Amino acid sequence: MASLPKIVIVGGAFAGIHAAQQLDKQLGTSADITLIDARDGFHMSIAGPRAYTESGWAAKTWLPFNKVFSTQNNRRIIQGLAATSISPKAVTLADSTTVEFDYALIATGGWTPGRARELTKKEYIAEYERRLKDIVDAKTVLIVGGGATGVETAGEIKTDYPDKRVVLVHSGSELIGGTFSSKFKARVLSNITKLGVEVILNDRIDTDAFDATGYSNTERTLKTTNGGIEITSDVQILATGQATYNGGWARSLGPDVVDDHNQIRVEPTLQVVGFEHIFAAGDVANITYGKTAYNAKLQGGTAAKNIKKLIDRRDSGGTPKLEHNGPPSIVAGCVVAGRRGGAVQMGPLILGNWVATKAKATHLMLDSMKHLE
(Lines give C-alpha, C1' and ligand atoms only; values in the text may rest on other atoms or scores of the structure.)
Protein backbone atom coordinates (compact mmCIF):
# COMPACT_ATOMS: atom_id res chain seq x y z
CA MET A 1 0.00 0.00 0.00
CA ALA A 2 1.41 3.37 -1.04
CA SER A 3 2.22 5.83 1.73
CA LEU A 4 0.12 8.95 2.08
CA PRO A 5 1.43 11.95 0.13
CA LYS A 6 3.10 14.46 2.46
CA ILE A 7 2.33 18.15 1.93
CA VAL A 8 4.15 20.95 3.75
CA ILE A 9 2.88 24.53 3.73
CA VAL A 10 5.37 27.08 5.03
CA GLY A 11 3.62 30.30 6.00
CA GLY A 12 0.29 30.78 7.72
CA ALA A 13 -0.93 34.09 6.32
CA PHE A 14 -3.63 34.55 3.67
CA ALA A 15 -2.14 32.36 0.91
CA GLY A 16 -0.96 29.58 3.22
CA ILE A 17 -4.12 29.43 5.33
CA HIS A 18 -6.37 29.34 2.28
CA ALA A 19 -4.30 26.63 0.60
CA ALA A 20 -4.24 24.57 3.81
CA GLN A 21 -8.00 24.73 4.18
CA GLN A 22 -8.61 23.92 0.51
CA LEU A 23 -6.31 20.89 0.64
CA ASP A 24 -7.84 19.81 3.94
CA LYS A 25 -11.26 19.89 2.30
CA GLN A 26 -10.27 18.31 -1.02
CA LEU A 27 -8.04 15.54 0.30
CA GLY A 28 -9.57 14.66 3.65
CA THR A 29 -7.40 12.19 5.51
CA SER A 30 -5.89 10.80 2.30
CA ALA A 31 -2.88 13.11 2.67
CA ASP A 32 -0.57 14.17 5.47
CA ILE A 33 -0.58 17.99 5.71
CA THR A 34 1.75 20.11 7.85
CA LEU A 35 1.45 23.88 8.34
CA ILE A 36 4.56 25.73 9.56
CA ASP A 37 4.73 29.33 10.70
CA ALA A 38 7.20 31.41 12.71
CA ARG A 39 4.28 33.08 14.50
CA ASP A 40 2.02 31.50 17.06
CA GLY A 41 -1.13 32.54 15.21
CA PHE A 42 -2.69 34.14 12.14
CA HIS A 43 -2.66 37.93 12.11
CA MET A 44 -5.66 39.45 10.37
CA SER A 45 -3.64 42.39 9.05
CA ILE A 46 -6.60 43.92 7.21
CA ALA A 47 -8.12 44.73 10.60
CA GLY A 48 -4.86 46.00 12.08
CA PRO A 49 -5.37 49.79 11.83
CA ARG A 50 -8.08 49.81 14.52
CA ALA A 51 -5.57 48.48 17.06
CA TYR A 52 -4.22 52.05 17.18
CA THR A 53 -7.50 53.36 18.58
CA GLU A 54 -9.48 50.64 20.39
CA SER A 55 -8.23 48.82 23.46
CA GLY A 56 -8.66 45.06 23.10
CA TRP A 57 -8.86 45.19 19.31
CA ALA A 58 -5.33 43.84 18.80
CA ALA A 59 -6.27 40.63 20.62
CA LYS A 60 -9.20 40.14 18.24
CA THR A 61 -6.97 40.28 15.16
CA TRP A 62 -4.54 37.54 16.28
CA LEU A 63 -6.22 34.18 15.75
CA PRO A 64 -5.01 30.68 16.67
CA PHE A 65 -3.96 28.12 14.07
CA ASN A 66 -5.63 25.20 15.82
CA LYS A 67 -8.85 25.50 13.79
CA VAL A 68 -7.23 25.73 10.37
CA PHE A 69 -7.86 22.03 9.74
CA SER A 70 -11.20 20.29 10.06
CA THR A 71 -9.57 17.16 11.45
CA GLN A 72 -6.53 16.30 13.54
CA ASN A 73 -5.96 13.05 11.64
CA ASN A 74 -2.84 13.27 9.46
CA ARG A 75 -2.51 16.97 10.28
CA ARG A 76 0.25 18.85 12.05
CA ILE A 77 0.77 22.51 12.96
CA ILE A 78 4.28 23.68 13.80
CA GLN A 79 4.18 27.23 15.15
CA GLY A 80 6.80 29.49 16.63
CA LEU A 81 9.56 28.04 14.43
CA ALA A 82 10.83 29.67 11.25
CA ALA A 83 11.95 27.68 8.22
CA THR A 84 15.66 28.28 7.58
CA SER A 85 16.27 26.24 4.41
CA ILE A 86 14.58 23.89 1.99
CA SER A 87 15.82 21.01 -0.14
CA PRO A 88 13.82 19.22 -2.84
CA LYS A 89 12.45 16.85 -0.21
CA ALA A 90 12.56 18.53 3.23
CA VAL A 91 12.23 21.82 5.10
CA THR A 92 14.72 22.59 7.86
CA LEU A 93 13.51 24.60 10.85
CA ALA A 94 15.27 26.99 13.22
CA ASP A 95 15.75 24.22 15.78
CA SER A 96 17.53 22.09 13.11
CA THR A 97 14.67 19.61 12.83
CA THR A 98 13.48 18.65 9.34
CA VAL A 99 10.05 18.06 7.89
CA GLU A 100 9.95 15.84 4.83
CA PHE A 101 7.48 16.40 1.99
CA ASP A 102 6.35 15.17 -1.40
CA TYR A 103 4.76 18.52 -2.22
CA ALA A 104 5.45 21.94 -0.71
CA LEU A 105 3.98 25.42 -0.80
CA ILE A 106 6.11 28.38 0.19
CA ALA A 107 3.89 31.22 1.42
CA THR A 108 6.14 33.13 3.82
CA GLY A 109 4.96 36.52 2.57
CA GLY A 110 6.69 39.76 3.39
CA TRP A 111 6.53 42.78 5.61
CA THR A 112 5.48 46.28 4.68
CA PRO A 113 5.74 49.27 7.02
CA GLY A 114 2.59 49.72 9.05
CA ARG A 115 2.09 45.98 9.57
CA ALA A 116 2.83 43.89 12.66
CA ARG A 117 6.26 42.29 12.98
CA GLU A 118 5.68 40.52 16.29
CA LEU A 119 5.86 36.73 16.39
CA THR A 120 3.57 36.05 19.37
CA LYS A 121 0.12 37.22 20.34
CA LYS A 122 1.42 38.37 23.71
CA GLU A 123 4.09 40.56 22.10
CA TYR A 124 1.65 41.95 19.55
CA ILE A 125 -0.97 42.91 22.12
CA ALA A 126 1.62 44.56 24.36
CA GLU A 127 3.08 46.56 21.46
CA TYR A 128 -0.24 47.83 20.12
CA GLU A 129 -1.72 48.63 23.51
CA ARG A 130 1.42 50.75 24.02
CA ARG A 131 0.89 52.43 20.66
CA LEU A 132 -2.75 53.08 21.55
CA LYS A 133 -1.59 54.94 24.66
CA ASP A 134 0.81 56.94 22.48
CA ILE A 135 -2.08 57.95 20.21
CA VAL A 136 -4.23 58.94 23.19
CA ASP A 137 -1.45 61.18 24.50
CA ALA A 138 -0.51 62.67 21.13
CA LYS A 139 -1.60 66.01 19.75
CA THR A 140 -0.40 65.34 16.20
CA VAL A 141 0.09 62.05 14.34
CA LEU A 142 2.09 61.86 11.11
CA ILE A 143 1.47 58.97 8.72
CA VAL A 144 3.82 58.45 5.77
CA GLY A 145 2.33 56.48 2.89
CA GLY A 146 -1.06 56.78 1.22
CA GLY A 147 -1.85 53.19 0.35
CA ALA A 148 -4.74 51.35 1.99
CA THR A 149 -2.89 50.81 5.29
CA GLY A 150 -1.90 54.46 5.62
CA VAL A 151 -5.30 55.80 4.61
CA GLU A 152 -7.22 53.46 6.89
CA THR A 153 -4.90 54.11 9.84
CA ALA A 154 -5.43 57.85 9.37
CA GLY A 155 -9.17 57.33 9.14
CA GLU A 156 -9.34 55.23 12.29
CA ILE A 157 -7.38 57.76 14.34
CA LYS A 158 -9.30 60.79 13.08
CA THR A 159 -12.66 59.05 13.58
CA ASP A 160 -12.03 58.00 17.16
CA TYR A 161 -10.01 61.09 18.12
CA PRO A 162 -11.40 63.93 16.00
CA ASP A 163 -9.60 66.63 17.98
CA LYS A 164 -6.16 65.30 17.09
CA ARG A 165 -4.26 66.59 14.10
CA VAL A 166 -3.60 63.78 11.62
CA VAL A 167 -1.28 64.44 8.67
CA LEU A 168 -0.86 61.98 5.78
CA VAL A 169 2.07 62.43 3.37
CA HIS A 170 2.02 60.50 0.10
CA SER A 171 4.54 60.53 -2.73
CA GLY A 172 2.00 60.05 -5.51
CA SER A 173 -0.48 62.43 -7.11
CA GLU A 174 -3.35 60.17 -6.00
CA LEU A 175 -3.93 58.05 -2.93
CA ILE A 176 -3.96 54.23 -3.32
CA GLY A 177 -1.79 52.54 -5.91
CA GLY A 178 -2.51 49.72 -8.29
CA THR A 179 -5.06 49.55 -11.06
CA PHE A 180 -7.93 51.24 -9.23
CA SER A 181 -9.68 53.99 -11.16
CA SER A 182 -8.99 57.68 -10.60
CA LYS A 183 -12.63 58.08 -9.61
CA PHE A 184 -12.18 55.53 -6.82
CA LYS A 185 -8.96 57.19 -5.67
CA ALA A 186 -10.64 60.60 -5.66
CA ARG A 187 -13.44 59.19 -3.51
CA VAL A 188 -10.89 57.83 -1.02
CA LEU A 189 -9.22 61.25 -0.83
CA SER A 190 -12.54 63.02 -0.37
CA ASN A 191 -13.56 60.65 2.42
CA ILE A 192 -10.53 61.20 4.63
CA THR A 193 -10.26 64.94 4.00
CA LYS A 194 -13.91 65.26 5.07
CA LEU A 195 -12.88 63.58 8.33
CA GLY A 196 -10.28 66.29 8.79
CA VAL A 197 -7.12 64.40 7.80
CA GLU A 198 -4.56 66.77 6.26
CA VAL A 199 -3.30 65.14 3.06
CA ILE A 200 -0.05 66.20 1.37
CA LEU A 201 0.40 64.67 -2.09
CA ASN A 202 3.44 64.59 -4.39
CA ASP A 203 5.79 64.82 -1.46
CA ARG A 204 7.86 62.58 0.79
CA ILE A 205 9.32 62.14 4.23
CA ASP A 206 12.78 60.59 4.18
CA THR A 207 12.29 57.03 5.42
CA ASP A 208 15.73 57.17 7.05
CA ALA A 209 13.88 59.00 9.81
CA PHE A 210 12.39 55.64 10.84
CA ASP A 211 13.93 52.57 12.42
CA ALA A 212 13.13 49.00 11.42
CA THR A 213 9.75 49.08 13.21
CA GLY A 214 8.43 51.94 11.07
CA TYR A 215 7.06 53.58 14.21
CA SER A 216 8.16 56.33 16.57
CA ASN A 217 6.60 58.00 19.60
CA THR A 218 9.20 60.77 19.87
CA GLU A 219 8.10 64.38 19.41
CA ARG A 220 10.04 65.77 16.47
CA THR A 221 9.83 67.97 13.40
CA LEU A 222 10.30 66.36 9.99
CA LYS A 223 10.51 68.23 6.68
CA THR A 224 9.06 66.96 3.41
CA THR A 225 11.68 66.42 0.72
CA ASN A 226 9.91 68.21 -2.14
CA GLY A 227 7.88 71.01 -0.63
CA GLY A 228 10.02 71.60 2.43
CA ILE A 229 6.92 71.50 4.66
CA GLU A 230 7.81 71.17 8.32
CA ILE A 231 5.54 68.87 10.32
CA THR A 232 5.87 68.60 14.08
CA SER A 233 4.28 65.44 15.48
CA ASP A 234 4.26 63.29 18.60
CA VAL A 235 3.78 59.96 16.80
CA GLN A 236 5.06 58.97 13.36
CA ILE A 237 3.84 55.88 11.49
CA LEU A 238 5.52 54.62 8.34
CA ALA A 239 2.98 52.93 6.03
CA THR A 240 4.66 52.91 2.64
CA GLY A 241 4.40 49.95 0.31
CA GLN A 242 8.14 49.24 0.35
CA ALA A 243 8.02 45.55 1.17
CA THR A 244 10.69 43.27 2.57
CA TYR A 245 10.01 39.78 1.24
CA ASN A 246 10.66 36.58 3.17
CA GLY A 247 11.97 34.27 0.45
CA GLY A 248 15.69 34.38 1.10
CA TRP A 249 15.65 31.16 3.12
CA ALA A 250 14.70 29.26 -0.06
CA ARG A 251 17.98 30.08 -1.82
CA SER A 252 19.06 26.61 -0.74
CA LEU A 253 17.03 25.32 -3.71
CA GLY A 254 19.46 26.99 -6.11
CA PRO A 255 20.81 30.37 -7.17
CA ASP A 256 18.04 31.04 -9.71
CA VAL A 257 15.09 30.35 -7.41
CA VAL A 258 15.09 33.64 -5.47
CA ASP A 259 15.38 37.06 -7.11
CA ASP A 260 17.22 40.14 -5.86
CA HIS A 261 14.18 41.20 -3.82
CA ASN A 262 13.96 37.87 -1.96
CA GLN A 263 10.88 36.88 -3.95
CA ILE A 264 10.62 33.35 -5.29
CA ARG A 265 10.49 32.91 -9.04
CA VAL A 266 7.44 30.97 -10.17
CA GLU A 267 5.89 29.67 -13.36
CA PRO A 268 2.33 30.72 -14.32
CA THR A 269 1.18 27.56 -12.50
CA LEU A 270 2.88 28.91 -9.32
CA GLN A 271 5.42 26.09 -9.47
CA VAL A 272 8.83 27.25 -8.33
CA VAL A 273 11.12 27.46 -11.36
CA GLY A 274 12.85 24.13 -11.81
CA PHE A 275 10.66 22.21 -9.35
CA GLU A 276 7.41 20.55 -10.40
CA HIS A 277 6.38 19.65 -6.84
CA ILE A 278 7.20 22.92 -5.02
CA PHE A 279 4.96 25.97 -5.28
CA ALA A 280 5.03 29.56 -4.02
CA ALA A 281 2.08 31.90 -3.50
CA GLY A 282 1.24 35.23 -1.92
CA ASP A 283 3.58 38.17 -1.45
CA VAL A 284 6.72 36.00 -1.52
CA ALA A 285 6.06 34.92 -5.12
CA ASN A 286 7.51 37.21 -7.80
CA ILE A 287 4.13 38.03 -9.30
CA THR A 288 3.87 41.54 -10.65
CA TYR A 289 0.23 42.40 -10.01
CA GLY A 290 -1.18 43.66 -6.70
CA LYS A 291 0.16 42.31 -3.42
CA THR A 292 -3.17 42.10 -1.62
CA ALA A 293 -4.80 39.65 0.77
CA TYR A 294 -7.46 38.92 -1.85
CA ASN A 295 -4.89 38.05 -4.52
CA ALA A 296 -2.90 35.97 -2.02
CA LYS A 297 -6.00 33.90 -1.28
CA LEU A 298 -6.61 33.36 -4.99
CA GLN A 299 -3.01 32.20 -5.43
CA GLY A 300 -3.26 29.89 -2.43
CA GLY A 301 -6.34 28.35 -4.01
CA THR A 302 -4.60 27.88 -7.35
CA ALA A 303 -1.59 26.23 -5.70
CA ALA A 304 -3.87 23.90 -3.72
CA LYS A 305 -5.74 22.82 -6.86
CA ASN A 306 -2.51 22.12 -8.69
CA ILE A 307 -1.05 20.12 -5.81
CA LYS A 308 -4.25 18.08 -5.76
CA LYS A 309 -3.91 17.44 -9.52
CA LEU A 310 -0.33 16.25 -9.09
CA ILE A 311 -1.42 13.90 -6.32
CA ASP A 312 -4.22 12.55 -8.51
CA ARG A 313 -1.69 11.90 -11.27
CA ARG A 314 0.53 10.06 -8.81
CA ASP A 315 -2.36 7.75 -8.04
CA SER A 316 -3.79 7.32 -11.53
CA GLY A 317 -1.08 8.35 -13.98
CA GLY A 318 -1.45 10.71 -16.90
CA THR A 319 -0.42 14.32 -17.39
CA PRO A 320 -2.54 16.82 -15.47
CA LYS A 321 -3.46 20.17 -16.94
CA LEU A 322 -2.49 22.57 -14.20
CA GLU A 323 -4.28 25.85 -13.62
CA HIS A 324 -2.52 29.09 -14.43
CA ASN A 325 -2.54 31.95 -12.00
CA GLY A 326 -3.48 35.39 -13.23
CA PRO A 327 -4.82 38.72 -12.04
CA PRO A 328 -8.48 38.89 -11.04
CA SER A 329 -10.84 39.35 -13.95
CA ILE A 330 -12.13 42.62 -12.47
CA VAL A 331 -10.58 45.29 -10.29
CA ALA A 332 -12.17 45.10 -6.86
CA GLY A 333 -11.35 46.67 -3.53
CA CYS A 334 -12.59 48.62 -0.54
CA VAL A 335 -10.81 51.36 1.40
CA VAL A 336 -12.65 52.65 4.43
CA ALA A 337 -12.53 55.93 6.34
CA GLY A 338 -12.95 55.00 9.97
CA ARG A 339 -15.91 53.07 11.33
CA ARG A 340 -18.47 54.44 8.91
CA GLY A 341 -17.98 55.05 5.24
CA GLY A 342 -15.45 54.44 2.54
CA ALA A 343 -15.17 53.66 -1.14
CA VAL A 344 -15.71 50.40 -3.02
CA GLN A 345 -14.72 49.55 -6.58
CA MET A 346 -16.24 46.56 -8.36
CA GLY A 347 -15.09 46.62 -11.94
CA PRO A 348 -16.39 49.87 -13.42
CA LEU A 349 -18.73 50.52 -10.47
CA ILE A 350 -17.74 52.91 -7.68
CA LEU A 351 -19.88 52.49 -4.58
CA GLY A 352 -19.99 54.64 -1.49
CA ASN A 353 -20.43 54.82 2.24
CA TRP A 354 -23.32 52.42 2.83
CA VAL A 355 -21.73 49.55 0.94
CA ALA A 356 -18.28 50.25 2.40
CA THR A 357 -19.67 50.28 5.93
CA LYS A 358 -21.47 46.97 5.47
CA ALA A 359 -18.59 45.34 3.63
CA LYS A 360 -15.71 46.45 5.80
CA ALA A 361 -15.82 49.58 7.95
CA THR A 362 -17.87 48.16 10.83
CA HIS A 363 -15.67 45.14 11.53
CA LEU A 364 -12.68 45.49 9.16
CA MET A 365 -13.56 42.04 7.79
CA LEU A 366 -12.81 40.21 11.03
CA ASP A 367 -16.03 38.28 10.56
CA SER A 368 -14.54 36.62 7.46
CA MET A 369 -12.08 34.77 9.73
CA LYS A 370 -14.52 33.72 12.44
CA HIS A 371 -13.90 30.07 11.60
CA LEU A 372 -10.45 30.42 13.18
CA GLU A 373 -11.69 31.75 16.52
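These legends cover close-up views of a sheet and of helices in a predicted model.

Local features need pLDDT of at least 70, side-chain atom pairs count only at pLDDT 80 or more, and totals for chains, interfaces and linings use all residues. Residues are numbered from 1 along each chain as its sequence is written, and side-chain values use heavy atoms, with hydrogens and water left out.

**View 1. An open sheet of five strands.** The strand order is S5-S2-S1-S9-S19, with parallel pairing. Strands are DSSP runs of E of at least two residues and helices runs of H or I of at least four, numbered from the N terminus. Two strands pair if DSSP finds at least two bridges between them. Strand S5 (75-79) and strand S19 (278-280) are the edges, each pairing on one side only. From one strand to the next, the twist averages 15 degrees.

**View 2. Strand S9 beside S19.** Three bridges join S9 (residues 103-106) to S19, and the two run parallel. Ile106 stands opposite Ala280 in S19.

**View 3. Helix H1 across the strands.** H1 (residues 14-27) lies across S1 (6-10), S2 (32-37), S5 and S9. H1 runs at about 160 degrees to S1. Axes are lines fitted to C-alpha atoms, for helices over the stretch in contact (heavy atoms within 4.5 Å). Angles run from 0 to 180 degrees between N-to-C directions.

**View 4. Helices H4 and H5 packed together.** H4 (residues 148-160) and H5 (residues 182-195) pack at about 25 degrees, their axes 9 Å apart. That angle makes H4 roughly parallel to H5 (under 35 degrees). Val151, Gly155, Lys158 and Thr159 in H4 meet Val188, Ile192 and Leu195 in H5.

Conventions:
Parallel < 35°, antiparallel > 145°, perpendicular 65-115°, else oblique.
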